[in-house]
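Please examine the sequence and the three-dimensional structure shown below.

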Amino acid sequence: MVLRRKTIQPDGLTMDLIEFKKQCLDARAEQRERLYLQPELTYLFFELTQSCNSKCFHCGSRCEPGLGHGPSPAEFKKVLDDVKANFDISKIQLCITGGEPLLYPGFRELLSYAHEQGFHWGMTSNGTLITEEVAKMLEETGMGTISISIDGLEETHDRQRGLKGGYQTALKGIQNLIDRKAFKHISVTTVINHKNIGELDSLFEVIDGLDIDSWRVIGLEPMGRALEHPDMLLTPDDQRRLFKFILDKRKAGIPVGYGCSHFLGLDLERDVRDWFFLCGAGIHTASIRTNGDITACLDIEPRPELVQGNISSDLFSEVWKNRFEVFRVPLSDGCKDCKDCEYVKWCAGGAHHSFDYDDNKQRICMKGILF
């Protein structure tokens, strides 16, 4: 079994590729402006728990064993009922995360209900709890997609995630999912940092031996616990090496891709992922945190001014329609570094999750690194 390859067909463009990209990015910028006025809910995240059987050094939510769980299944169900009554759920992906979401006591009850109500749902997981029985349960509750974390070769993965044996049990979990032959998309996500980037090629040989649909390779982001490990952040040379790796694999027709973070410049935009940059926080993406808070992307630090409501006192649909103002203007409006940048129309200040809201500037800007 091998990582499922796909043939990448040429676009058949008659114009210069860079000019074509500029036109696409202009259209993306126009779309962003429309979404500020008329947001379209596409991804709804439920953070079921902050408890996790691992303690990853890079965890954006600072999860670890023994932490608390999110709202009850009944409270989450009320959100689902509200969303179904006020949105076209055929256009919405319900994204289940944590912590390790399989530790949530009401997991099967909640996701069975979501499936019965017609929601499409997927999950992020460390994979270590996916036994044959759990894989069967995930099929029965209608899970369509899943991403499992593999963050290096065995010793590195276990050390960085603080769970001895986690690598082997995660691989077994992936195989249990594959064996069901029931899921639309099985993906592996790998977070690359300064110390594990040297394992990329060897790790590719492992991932390529799995019958999965895609491999998402992303850089360590300066958020959560990763802020306590500045020595692990990618250097400019690391960033360039990472993107060359992804680009080379994609040119070979291998489904490796970068995540949604950051404007990457004209040479790499759309070449290392399947879309042009757009931070969807608050215009495509909303989340319910474990304390019931309504916010945008869960990777954004939980600052009071970024919390838009709470499901204990607010209807999610009303919050989505009438609040989120902080996410519906460009980050670049408050960033002095962005004011005179020639790329500001397309970047708009970058991703919300890596923005420093105290200093009003990006913690990661690829200008000067990639372009």
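The report below treats the sheet, the helices packed on it, a helix pair and the aromatic pairs. The structure is a predicted model.

**Sheet and packed helices**

The sheet is open and consists of 10 strands with mixed pairing, ordered S7-S6-S5-S4-S3-S2-S1-S8-S9-S10. At its edges stand strand S7 (256-257) and strand S10 (309-310); each has a single partner strand, so one side of each is left without a neighbour in the sheet. Within the sheet, strand S1 (residues 43-47) and strand S2 (residues 93-97) run parallel and are joined by five bridges. Phe 46 has Ile 96 in S2 as its bridge partner.

Helix H2 (residues 73-86) packs on the sheet, where it touches S1, S2 and strand S8 (285-288). The direction of H2 makes about 170° with that of S1. Helix H3 (residues 107-116) also packs on the sheet and touches S1, S2 and strand S3 (120-125). For H3, the direction makes about 175° with that of S2.

**A helix pair**

Helix H5 (residues 154-161) packs against helix H6 (residues 166-180) at an angle of about 105°, and their axes are 8 Å apart. H5 is therefore roughly perpendicular to H6, as angles of 65 to 115 degrees count as such. H5 contributes Glu 154, His 157 and Asp 158 to the contact, while H6 contributes Gly 166, Tyr 167 and Gln 168.

**Aromatic pairs**

In the whole structure, a search finds 15 aromatic pairs. A pair of this kind is described by the distance of the ring centres and the angle of the planes. Two of the pairs are set out here.

| Pair | Distance of centres | Angle of planes | Class |
|---|---|---|---|
| Phe 87 and Phe 316 | 6.3 Å | 45° | tilted |
| Trp 320 and Phe 324 | 5.2 Å | 65° | edge-to-face |

Elsewhere, ring pairs link Phe 263, Tyr 343, Trp 346 and Phe 371 into a cluster.

Technical notes: Residues numbered from 1 in each chain as written. Predicted model: local features only at pLDDT ≥ 70, side-chain atom pairs only at ≥ 80, totals over all residues. Heavy atoms only, no water. Pairing = 2+ DSSP bridges. Helix = DSSP H or I, 4+ residues; strand = E, 2+ residues; numbered from the N terminus. Contact = heavy atoms within 4.5 Å. Axes fitted to C-alpha atoms, helices over the stretch in contact; angles between N-to-C directions. Parallel < 35°, antiparallel > 145°, perpendicular 65-115°, else oblique. Phe/Tyr/Trp six-rings, centres within 6.5 Å; stacked < 30°, edge-to-face > 60°.
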